[in-house]
Amino acid sequence: MYAYYLQLGLRSLRRNPMLTALMMMAIGFGVAASMITYSVFRAVSDDPIPNKSSQLFAPQIDSWGPQQNEKGEPPGALNYVDAMALMRAHKASRQTLIYPVMLSALGRDADSVPSSASGYAVTGDFFPMFEVPFLYGSGWNTSEDDHRAADVVLTKEFNQRMFGGANSVGKEIVLGGNAYRIVGVAQHWNPAPRFYAVWGEDGFSESPDFYVLLNRMLDLHVDSSGRNSCRGNLAFTGWDQWLQSNCVWLMPWVELNTRSDAEQYRQFLTSYAADQQHAGRFGWPANIRLLDVMAFMTQQNVVPPESRISLIVALCFFVICLVNTIGLLLAKFMRRAGEIGVRRALGATRREIYTQYLLEAASVGIAGGVLGLLLTAVGMSGVSLLFDQEIAQLAHLDLSLVALTLLVSVLAAVAAAFYPAWRAAQVQPAWQLKSN
Amino acid sequence: MQIKPILAAMRRHKAGTILIGFQIALTLAIVCNALFIIHERIARVSRPSGVNESNLFVITSDWADNSSNDNIDAQIKADLTALHQLGSVQDATSLNSFPLHGTGWDNFIRMTPDQIHMTTDASVFLADEHTLGTLGVKLIAGRNFTPDEVQSLTIQDMKGWPAIIVSKDLAKVLFPNGDALGKQIYASNNNTPSTIVGITDTLQSHMMDSDDNAFAYNAVLVPMREVGTGYVHYLIRARPGQLEAAMRDVPKALIAQNRMRIFDPDDGEMTFAQVRAKAYERDYGMAILMGIVSAVLLAITAAGIVGLTSFWVGQRRRQIGIRRALGATRNDILSYFMTENMLIGVAGVVVGTLLAIGINLWMVTHYDVARLSGTYLLVGAVVLLLLGQGAVLAPALRASRVPPVEATRSV
């Protein structure tokens, strides 16, 4: 019987093609706009490391004080002094420090043209902590950090560029004029957002080229190629004084596996900051944060405002389209009051009428969904109009989005039909028959 | 035209009336805000940079060997000498950042050494004696830098900045009385004063975030060459009409100077027009998106009105016929439907105006959006009422053509 209703529905759609086309377009445009903007929003607000995001934390210490910090929030990165103190205390099961570096890379041929390579200075824990997958070799041990070794891990993309994709572990590479030993080649791994370096970056850049041993970079006085934010009087001259300054540029991460570990670490941070106050380094009470990955992403405003605004606008748009569909369905159903009267007189129950008209709406939903799917596919290519190339690439039409598009269309059409179908079911058969 | 019978008839089809009214209200709310966002973005895009943007381009050179700051300093000097000798080049300068660049160095500006909160924020452009000439920015007071003033600087070595040039807008913020020239401010990071030796005409900063709108025209020019960052931006003004030639000559000349350098294949060399397009790409995108949304919304609302009114006309053919038989003219029928739509439209516009203000207030608190101006509400309301009248015209004309004989037909 349901199949028959659906068939009736489809036949009725053909009866006034103008009205049907209008409804299809309303649902199609509404759902397409929502899906396109949702696909971007989903991509930028996704959990970048789902199985560990609640165990990874970014410790923050207010080294700027209430008069110079960001509306009471500590800066999103650490200065050298605090960063090194946290590393030495080693209160977490794993811990790392990160800062972006830019080095030139020279090919193997003597006459090759140099190219720029961007990467991160990290410590050995970086690789197991973030579960970086390896193609060849592995990361370095934390003992290598202490030896301040010239170790480097290349990414698959950079290994392809420099070594044609061959196993380069054990080979040497010259970066920024210095030689490094390749200890590993990572698989393609570029979490979006790139949570571990999101402070001062938009978080959606292309994959980095390498990860290099942090202490080595510090020994070579290699500057951060990323953000560096300072407060107060900066009277430093030279690298060593600069390290002691109030400039924040190192991004710390710690791995804390249980809730109580996190609580203990929070206490450690508080007592560290309080100690600094006692020592006279900070002129204010302890102000620390220990946020996990998703909370840190929120604090650092990783989701671009364009993404949120366009999603909200698209959803409002969809609501208007649905209001429109309600009106059109009402017109369409009530036009057939006579027909409904006859069916009711011949014994159809209100429930049957209700079901029939809901199913007719569902068939509109399916048709609208198919149109919406086409529009979504077309619109995906327009995403780069609104967003940076890197973010636009993240939005794509996958199977789950196709299913969601169709589901939302049908549900929306059925929801829009609740009232019109109810009105149809309320038609008084006697009244209709009499007027005929 | 009598309004009472129309209101009475409306009560007979409440649902449809409410739906149309509601749709008009929602559309007005969204379209007003969308148009307002478009207006704001367009205003941002069309603000002047102060730079004479034609015949200007940027080339960014990364250094392959970054180990010696002294070597890089010497190389930058040699590069600039070579660039000035090119026939297609009118002027050239080295900079750490430039207007519209988006990234760069900003410093908090203070009036006294012990001031904790900044007076304002400003771009720091590490410039030389050719910077103003290359950018095409005029000095409106004071003097330009002299060649001997220009020194080298690394980010780890904070020297004092005895002489600086500031933009007109920054001078006005710091010294509202207009006597900035010769005054001292604290612009450098160490606690030494800087004397304002020159004031430029309008000059935009590198800052492009909407958070930084208040500082968008604050710029401090410091006679320094930055070394140790691994790259340098050269801004080059080509001789009139020779932009293409200069953009071909410059990379060649630089590589002839030293081939151990890197030009990014994507954005290593950009005309200033490209710099501008990149800087405002999101604003254009947002404006286009809002434009499309508004257009489609208006179309869908119009279509909805046509659909529902057509249904009403169909439903009331007999009644129309009776009215016509009793002496109503075609015009009466036409104006009946037009008035009905106008009444619904006015109600929808009233609700929509409140809704639009509500949405705008929400956006003001959550995003960097200004208060909606009344003009937009007024224009939006008029547009929607006209749209409603336009949409209802076709069905209403059809209704007016219903013959009186319809009264006698039973179906």
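Helices (H or I, at least four residues) and strands (E, at least two) are DSSP runs, numbered from the N terminus. By this count, chain A has 17 helices and 10 strands.

## The model

This is a predicted model: local features need pLDDT of at least 70, side-chain atom pairs count only at pLDDT 80 or more, and totals for chains, interfaces and linings use all residues. Residues are numbered from 1 along each chain as its sequence is written, while chains are lettered from A and ligands numbered from 1 in the order in which they are written.

## Chain A overall

The C-alpha atoms of chain A fill a box of roughly 100 × 55 × 35 Å along the principal axes. Of its 436 residues, 47% are buried (20 or more other C-beta atoms within 10 Å of the residue's own, C-beta atoms being placed from the backbone).

## Helix α9 of chain B

Helix α9 of chain B spans residues 317-325, and B:Ile320, B:Arg323 and B:Arg324 are buried in it. These residues lie on the same side of α9(B), because they cover an arc of only 100° around the axis (the arc of the directions from the helix axis to the C-beta atoms). After α9(B) comes B:Gly327, with a positive phi near 115°.

## Strand β1 of chain B

Strand β1 of chain B (residues 56-63) has six of its eight residues buried, so the rest of the structure largely encloses it. Strands pair if DSSP finds at least two bridges between them. Seven bridges join β1(B) to the antiparallel strand β11 (residues 231-238) of chain B, where B:Ile236 is the bridge partner of B:Phe57. β1(B) also pairs in the antiparallel sense with β13 (residues 269-271) of chain B over three bridges; here B:Ile59 stands opposite B:Glu269.

How values were computed:
Buried ≥ 20, exposed ≤ 12 C-beta atoms within 10 Å, placed from the backbone.
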